[in-house]
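This report is written for a reader who wants to look at the side chains of one protein chain and how they pack and pair. Please keep the sequence and the structure in view while reading.

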Amino acid sequence: TNSQGTGYGNEISFTTINLATVTTVAATHISPYQAVLGGNVISDGGNEISARGICWAHSPNPTINSNITNEGYGVGPFESTISDLSPGNTYYYKAYAINIAGIAYGNEMNFTTEIVLPTVVTVDISEITGTTAVSGGEITYNGGGNILAKGVCWSLNPEPTLINSFTSNGTTTTSYISYLIELSPNTTYYVRAYATNEAGTAYGDEKEFQTIIDPPTVRTTVVSDITPVSAITGGEVTFNGGAIVTNRGVCWSITPGPTIDDSTTSNGSGTGIFTSEINYLDASTTYYVRAYATNSAGTSYGDELEFSTLPACEGVTTVTYESV
């Protein structure tokens, strides 16, 4: 402006720019290993969107310095499928959009991937007897969840499950030992370790073993009908040990702990009650007697009993007679 008036220069135009406006969309199609995330660029802020996508991390407030997807450019909705996730983990994510003004982020959201069944390995069978054995398991992966139960299960048939016999060995992810009890001798069993989390129960590899044959179980009958030279006793074979009882009876001696190497009776085979008559004893003598039973695993003995024969009869021991 001067005394002649106001003069103007040439006109120049410009456009103001701002960060883009972007929102984050809730996750869908969540599985143990992937999920579909998304966002919506509502406004480009006055300049072209050069990149957009999702950024995510295991901890809150992810940025483009974390894991990202790139879903092109421009305004409007978009989706991103992220993979290689871990089961049972929580992830935090935000949509982002970049223009010349900088990086804009949407609201932060999170999701948790689904858990999967645990992974468990069955320990080899050991310390096998006629009625017990030792096994166990090792949980190599918890499936992304909490271990709610673990142990081993066993059955007479392959592929045992928790509807069969099982042990319960706590809820940690450490290796464990399981004791199988109340088994039957000379019997084949199938065993699998198991582990349970929120997704269900997983089983380890199957192991097969056979219990051994035990000696029989026998008890001794009370001694009765004692005379100077004889007595009545016997026994009962209450369990065959998993094999046929081939011989049974009683053994006796004038010293404790009689065995089948001493005087014996033989009272057949099999289980059940039997009666034994002991003869050719000496009068006024203390004897020790035990029932015995034998199968292919060996000979076992019942409880030891002690008795004494009666004194010999006094008086005439010989009778002479003539026939009429």
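## Cysteines, core, charges and surface

The structure holds 0 disulfides, a disulfide being a pair of cysteine sulfur atoms within 2.5 Å. The model is a predicted one, in which local features need pLDDT of at least 70 and side-chain atom pairs count only at pLDDT 80 or more, whereas totals for chains, interfaces and linings use all residues. Residues are numbered from 1 along each chain as its sequence is written, and side-chain values use heavy atoms, with hydrogens and water left out.

C55 is buried because its relative accessibility is 0%, and C153 counts as buried with a relative accessible area of 0%.

The largest nonpolar core has 18 residues, of which L37, I54, W56, L85, Y93 and F111 touch the most other members; such a core is a set of buried Ala, Val, Leu, Ile, Met, Phe, Trp, Tyr and Cys residues joined through side-chain atoms within 4.5 Å. Two or more residues each come from β1 (21-28), β2 (35-43), β3 (51-57), β5 (76-82) and β6 (90-99), and β6 gives the most, with 4 residues. Strands here are DSSP runs (E, at least two residues), numbered from the N terminus. In soluble globular proteins, nonpolar side chains tend to be buried together. Once neighbours within four places in sequence are set aside, the contacts of I54 (heavy atoms within 4.5 Å) include L37, F78, Y93 and Y96.

Turning to charge, a search of the whole structure finds 3 salt bridges, each defined as a side-chain nitrogen of Lys or Arg within 4 Å of a carboxyl oxygen of Asp or Glu. Side chains of opposite charge can pair when their charged atoms come close.

| Salt bridge | Closest N and O atoms |
|---|---|
| K207 with D124 | 2.8 Å |
| K207 with D205 | 3.4 Å |
| E236 with R219 | 2.9 Å |

The salt bridge between E236 and R219 joins strand β17 (residues 231-239), which holds E236, to strand β16 (residues 217-220), which holds R219, the two residues being 17 apart. E236 counts as partly exposed at 21% relative accessibility, as R219 does at 41%.

What do I177, Y179 and I181 form on the surface? Together they make a nonpolar patch with about 340 Å² of accessible area, and I177 lies in strand β13 (residues 176-180).

Most residues other than glycine have a negative phi, and most peptide bonds are trans. N61, in the loop between β3 and β4 (67-68), has a positive phi of about 60° although it is not a glycine, and N61 counts as exposed because its relative accessibility is 52%. E182, in the loop between β13 and β14 (188-197), likewise has a positive phi, near 55°, and is exposed at 74% relative accessibility.

Methods
Patches are made of residues with over 30% relative accessible area and no salt bridge: like charges are joined within 9 Å, nonpolar side chains (Val, Leu, Ile, Met, Phe, Trp, Tyr) within 5 Å. Accessible areas come from the Shrake-Rupley method with a 1.4 Å probe; for residues, only the protein chains shown count as cover. Buried means under 20% relative accessible area, exposed over 50%, partly exposed in between (1.4 Å probe, protein chains only).
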